[in-house]
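Here are my notes from going through the model you sent. Have it open while you read.

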Amino acid sequence: MESQIHKIHQQLVNKEISCTALVQEKLELLKQNTHNTVNSLLDTKALELAQKVDAKIANGEEIGLLEGIPFGIKDVYMVQGTYTTASSDLLKKYKSSYTATAIQKLLDAGAIPLVKENCDSFGHGSSSENTIFGAVKNAVNPNLVGGGSSGGSAVNVAKDYTVFSIGGDTGGSIRQPAGYNNVYGLKPTYGRISRYGIMAYASSTDCVGPIAKSIEDIRIVLNVMSGKDVKDQTTYASETISEEAVLNADEIKTVGYFKNFIENDAIDAQVKADFLASIEKIKAKGIEVKELDFFESDTLVSTYYTLAMAETASNLSRLDGTNYGNRIEGDNLKDTYSITRSDNFSEETKRRIVGGNQVLSQGFSDEIYLKGLNLRDQISENFEKDFKEVAIILSPVTPQTPPKIGDSLKDPLAMYLSDAYTVGFSLGQLPTLTIPKGTETGLQITAAKNNDELVLKFANFLKDTI
Amino acid sequence: MSKMMTVDVLSSIKGAKESETVSKLFDVIKNANTSNNNSFNINHKNAVSLDDLREDVVVDSPQIEKDIIKENFPKQKNGFLVVSKVIEE
């Protein structure tokens, strides 16, 4: 199978390239920061690790598959001793005191971290413009947004600045930028990878996931990061997915898609035509395709944002400048809290915190928050029903192509609605992969909970089908 | 605590006001049909079994972790970590 990781591994083992030269080359590219993808470079540590890999190879020692492979990390992950800013003013000088479980597993496997990557502040955004480090530019057309919130990570992979990057997906933040930059991006089943050490946005949908240029690389990185972790008690033990398992998709006989995603006015005519053409190609391979009923886009988006805002209001209440962060002193403690938060949070973050506190407050919680939870349950029940009829659900990643830089900030409602196709799968906690095929912003492949393997199988099947 | 707290106080954000954009999202929820089965949390089976709880032990942090935590503290004076004055209301 095509794989950048396997290819580089072979080149290292065969001594065609040195790890130091490889890391230096990537660091040089990142240093130019042409697409505003870099929040901080981990150059000293990266070069030190690369030299160790070279020494091992020179000594004739065996190296692991990920050993010496350079990767990027969205700047919401704790990596001990590195700046972890969440692209915010509040944390612009904050240093992680410990390392996230998912990242630690990659470090233990020998992968080399190069960069903390630009993103929407605290994951609040769909364009990577809500950041103090400058809007991330799209890898294909730099006048367009890089997508978000893991925009820097997707662009770095697309431009080959990193071999893979680790993003975070709460409502589409890996899948949408992957689609906007023509790479693969996986949101695994909720709980497959530990969230310990990722800055919490909305804890009930936050997922750690890989962005890469091939299905095989997604598989390799997913396997390394997966597993139960006592530090995140929502994690579960999962089976390793083998390379052979991904090669055979014969068991997939029926695929579904949501009729109302396609038959509405909000979808771009070309995206619609391309999606339907992809469906025809799948049918031509003898797979039955069923049209499914689903919730309206505005219900999905509203349910997601109601719950995500409530959770982020709660999660971000700890950011008050007392123990860490850019504290701005006021007359007393409460004054210090509110000045620190007012001056350091972006408009979008404040909008979400205020919205969250609104729905959690007396008089609103029954009418909005609890109703939102009820809707989420209905959405999950709907998925359970669907996966009794079909093995895979296929959808476009976004209704429209990437907007120009500057447009999303002017119209937050349009930005929220642009998440229409991704948020439902987040609420359902389902494994969903973006593949750079089918429409200009790719296709999403979704399976039932814990069935991440089936998603990769179908992705591999589609690679040769469309 | 019978007084109504406004969103700016709840959020600790000066001058914060409810957003029209966000209100539009909430209106959709208000007008949506909900099921009557009151089955909240059927989706959220993330609770941990009693047999699976992690051990209740104190783990000492490595020195580097302690040092970074101190380094992150916004204000220090004569070796003490300084917080804002707490007032009684």
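**Notes on the two chains**

1. Starting with chain B: buried residues make up 15% of its 89 residues. Buried here means that 20 or more other C-beta atoms, placed from the backbone, lie within 10 Å of the residue's own. Keep in mind that this is a predicted model, where local features need pLDDT of at least 70, side-chain atom pairs count only at pLDDT 80 or more, and totals for chains, interfaces and linings use all residues. Residues are numbered from 1 along each chain as its sequence is written, with chains lettered from A and ligands numbered from 1 in the order in which they are written.

2. Chain B has 3 helices and 2 strands, and along the sequence they come as α-α-α-β-β. Helices (H or I, at least four residues) and strands (E, at least two) are DSSP runs, numbered from the N terminus.

3. How does chain B meet chain A? With 42 residues of chain B in contact with 58 residues of chain A, contact meaning C-beta atoms, placed from the backbone, within 7 Å. Helix 1 (7-11), helix 2 and helix 3 (63-72) of chain B each give two or more residues to that side, and helix 2 of chain B gives the most, with 8 residues.

4. Now look at helix 11 (residues 297-315) of chain A and helix 2 (residues 20-31) of chain B: their axes come within 9 Å and cross at roughly 110°. The axes are lines fitted to C-alpha atoms, for helices over the stretch in contact, and angles run from 0 to 180 degrees between N-to-C directions. The two helices are therefore roughly perpendicular to each other (that label covers 65 to 115 degrees). Residues making the contact include A:Val301 and A:Tyr305 from helix 11 of chain A, and B:Leu25 and B:Phe26 from helix 2 of chain B.

5. Over in chain A, an open sheet of 11 strands runs in the order 1-3-2-4-6-5-10-11-9-7-8, with mixed pairing; strands pair if DSSP finds at least two bridges between them. Strand 1 (38-41) and strand 8 (288-292) of chain A stand at the edges with a single partner strand each, so one side of each has no neighbour in the sheet. The twist averages 25° from one strand to the next.

6. A:Thr434 has A:Gln444 in strand 11 of chain A as its bridge partner.

How values were computed: A residue is buried if 20 or more other C-beta atoms lie within 10 Å of its own, exposed if 12 or fewer, and partly exposed in between; C-beta atoms are placed from the backbone. Angles under 35 degrees count as roughly parallel, over 145 as roughly antiparallel, 65 to 115 as roughly perpendicular and the rest as oblique. Two residues are in contact if their C-beta atoms, placed from the backbone, lie within 7 Å.
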